[in-house]
Each structure stands twice: as C-alpha cells, then as structure tokens.
Amino acid sequence: KNAAVVAETGAVTARDVAVAASIIQYQTFAGLLAISETVDYKQFTVAERANAAYTLQPAGYVALAGDATLANGRIASLQIDKRGMNINSFGLVFDSAIDDAIGRLSGVCDIIIADSFTTSGNAYTSVSDVSIEFTDGGLLTLNALADAHVLSFTSSTGIKIRNPIVDGNRTAQTTISGGSAFNALSFESCVGVDIIGGAITGAAGSAIRGRNSGSMRVYGVTIDNSGYRQIYIAPATISGVDSDDVVIEGCNVSWAALTDSSISSQPAISVTNNGVSLFTNVSVKNNTIIQHLDNVIDSGSSMCIEGAGAARLAIDGNKCTNGALSISWFNCDGFAVNGNVIKTGGNIGIECANRNINGTVTANSINGIGTLDDGISVNGVLGVCDNIVISCNPIGGVVNGISMFGQSLGDRHTNITAVNNNIICVGSGKPIKCQWVDGLSISGGILDGNSLSSAIISLVECDKF
C-alpha cells in the first residue's frame, strides 16, 4: 500500500524538497506526536531517540514499527540507516523497543545497543536475519524475579549477536541454578547462529544454550558464574533430532570467583545429547576454562569440557584448570582430542569414556599437581571402546598415567595403541594400567613409576598385546 501511495503522488519535486528542507528538532518523541504537520516530506529529528530522523509521508501511508503517528493522524516514517540503527530509535523501554526493532530491521541492518537497559526477557519465534550488536556502554540486565531467558529464539534462522554484554542477575531470580533455571541467550531449533565476543555473567541457567540448533558458532565470549552448564549445546534427547556443525572457540569460561556450592557438579562447556541422537562436526577449541574450585574433589560431572553423541568431535588446544574430570566424552565416532593443557588435582585429566570409537588423544599436557588419580582414562564401565590411539602426551603429577578398563572379562576394549607418551607418576601409581583390553600396543616414551614396589606396566586379563 505504501508503494501505491508513492506511485499515485509521483516523484518528489524540487519544490517538495525545498519545502521540507528545514528540519525541525524535538527533544522528546511525545513532542513530535503532539504536532499536526501537513507538509509532505517535512523532516524531523528526536533527541531522546538517539536523534532518530523522521519524514512526513503522504496521506495513505501505513505506519510501520518505529514510525510516529501525529496528532492529526498523519505518519512521520522513521528513516532507516542501513549501516545500523540504535535501538533507542524505537523507544527507551527495551522490551518494547527490541520487539519493534526486530520486526522492522530483520534482514535490513544491525540493531545497535549502546546504553544500559533492564529487561524482563524477550522471546521470538520464526524470525530470520536478526543482527544485534552491543557497542561501548551497551548492557542488558535481567530484572529481579523476571524468571525468563534474556533473549530467546525458536525456529529461527540467521541470528547474529556481536559483543553481547549481559548480566543474568542470577541471585535475584526464583531458581538460581540447575537445568530448570533460565538462560541468558537461548536458541531452540535454530539454524545459523553466531555469538561473537562480549561478556555474559551470572545467568541462572546457562549463559548460552543451543538445543536442536545447527550451524552454530560461539566465538571469543567471556562467561562466568552461571548457575548451570555455562555453554550448553546439544540435540534434544529424542531419536532422529540432530544438530550439526557446532563450533565453540576462543572463549574464556570461569567459575573461579563463585563460592556457591550449589553450582558444583556441572560441566563448564557441554556439547552432549546423552547419547540418544548423534550430531556431527562438533569443534571445541582454544578455550580457557576454570572450573568451580570445589570440583577438583567432586567425583560427579564437573568437567571443563563434556562431549557425547557426536560424529566427528574435535577438542583441541584448550586450557583447562580444576575439574574432577577435565575433559570427558562418550558415545562418539571419530574424535580428536589434541593439544590441550590440563592442570587439576581431581580424578581424571582426560576421560575417553564409554562407547567411543575411531579416535586420537595426542599431545595433551597433563599436570596432576600430585593428586590426580589418572592422567588419561579409557573407561568402559558402560560400554567398550575401539580403535583408539593415545600418543605423545606428557603426563606428570598423577597416580596412574594411562588407565584402560573394559566393561568386563567378556566385554573388552579393542585395538588401543599407546605410543611415545612421557609419564611421571607419584606414590605407588603405574604409568600404564590395563584390564580387559584386546589388541593392545604399547611402545616408546618414558615411563617413570616413581616406586620400586609397583609395576611400570600392569596388564590384567588382556589378550593380543
């Protein structure tokens, strides 16, 4: 209809331009709404709305989100700068302004958040090509007792959020930890999600949650003190529902400053679907993770990085501190866990757990600070592993260097190679300790048991070694 109005009125003439040349400035949006201007193409600006510009449209124009309806019913249209629009152009109350901005600017330009706002949470379904950028001074804080995700997208595509500065106000929510708590940024059944830079603190649930979402990248985000898994991306636990192409890279994730013991027993970065449906091409690399301090002695699920149910899983170049199990994964086909640096006195540095096949554990540096039980564990308690190469890992300060346990005498790990690992144990530990493994190869490296009363290599009920 707006296009028809333009067609009926014809092109803007030189006289129109001359008449409208004088731009009228208003301090408030209410001041603009109060006028009864009738000159087509007259121009206005509103100071409180980030100096947003408006143009009076010919009669018949239909108002869009962000436009101004004057006292006489005429419409002054908000002028869109395709380089980006300050969210204040759509109002000073965030929750209504972001609704209008997403409705008007999706696929057009960036929504810029440059001021500090509070929010009661915002949820969007079936939107596309939404781009939000936080600039200097931009901050979003969840209201007390809001009990909502700060920003949530469902069944949406092409969502990009750059430099988000978000405070989840965790301790002021009804539920302040666990899987039922609300997240800072939440994505359900979305495709094409980019979260780049910024800092997210104090979410009651996860800082970033992706469920059934693919082509998702989390890059360079600083996250601390969430009440649940700080970054949690996974398919639903429903057969046939998959998520593909997930990258978590260059993030700083920490629970170091949190003393709340209710947050213990949670993985910091979790890319897992509990083994129900596989998802493919998952990469967790070059992140720095500090687990909750209590978790160095917690035998629960307090991992720095947890993976499960992935075809082609890569965990590379991460720096992990604390955690009962620093890096752990299970039910994966085709994995590479390489070049990670681990410092923890917990239970296990790297755990290749149940039902993993076809992978490598290479060039990881593990410092057990004198109390770590196992540097690397191939754990088959709930299902055996097959075709795994463990090579060139320097391991020190541990009780046992590499431990391999099948499920039982009748259900054994198969085809495991340990080559060129340098291991220094403490106490009466064993550099290599195996039980219920078939097709075992051990060669090269330096193995120091640090005890005359303990074997350097222990094999129990193994075959074809």
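The model is predicted, and residues are numbered from 1 along each chain as its sequence is written. Local features need pLDDT of at least 70 and side-chain atom pairs count only at pLDDT 80 or more, whereas totals for chains, interfaces and linings use all residues; side-chain values use heavy atoms, with hydrogens and water left out.

Select Phe94 and Phe117. Their rings form a tilted aromatic pair, 5.4 Å centre to centre with 50° between the planes. Rings of Phe, Tyr and Trp (its six-membered ring) pair if their centres lie within 6.5 Å; planes under 30 degrees apart count as stacked, over 60 as edge-to-face and the rest as tilted. Phe94 lies in helix H4 (residues 94–105) and Phe117 in strand S8 (residues 116–119), so the pair ties together parts 23 residues apart in sequence. Helices (H or I, at least four residues) and strands (E, at least two) are DSSP runs, numbered from the N terminus. Both Phe94 and Phe117 are buried, where buried means under 20% relative accessible area, exposed over 50% and partly exposed in between (1.4 Å probe, protein chains only). The structure has 7 aromatic pairs by this rule. Next, select Tyr124, Phe153 and Phe187, which form one aromatic cluster.

Move to Phe29: the charged end of Arg49 sits over its ring, 3.6 Å from the centre. Such a contact requires NZ of Lys or CZ of Arg within 6 Å of the ring centre and within 35 degrees of the ring normal. At Tyr232, Arg209 lies over the face of the ring, at 3.9 Å from the ring centre.

**The largest pocket**

On a 1 Å grid over the protein atoms alone, a pocket is an open set of points with protein on both sides within 12 Å along at least five of seven lines, while a cavity is a set where a 1.4 Å probe fits but cannot get out; lining residues have an atom within 4 Å of a point. The space in the largest pocket is about 260 Å³, a volume being the space filled by probe spheres set on the points, which are joined across faces, edges and corners. Strands S12 (151–154), S15 (185–188) and S18 (208–211) each supply at least two lining residues.

**Salt bridges**

From Arg211, select Glu188: the two form a salt bridge, with the closest N and O atoms 2.7 Å apart. The term denotes a side-chain nitrogen of Lys or Arg within 4 Å of a carboxyl oxygen of Asp or Glu. This pair links strand S18 to strand S15, 23 residues apart. Arg211 is partly exposed at 29% relative accessibility, and Glu188 is partly exposed at 23%.

Then select Asp194 and Arg217, which meet in a salt bridge at 3.6 Å, N to O. Finally, Asp110, Glu133 and Arg162 are linked in a network of salt bridges.

**Cavities**

The count is 2 cavities of 30 Å³ or more. For the largest cavity, of about 70 Å³, select Leu142, Ala148, Gln173, Phe182 and Ala204, which lie nearest its centre among 13 lining residues. For the second largest cavity, of about 30 Å³, the lining residues include Ala418, Asn421, Ile432 and Leu447.
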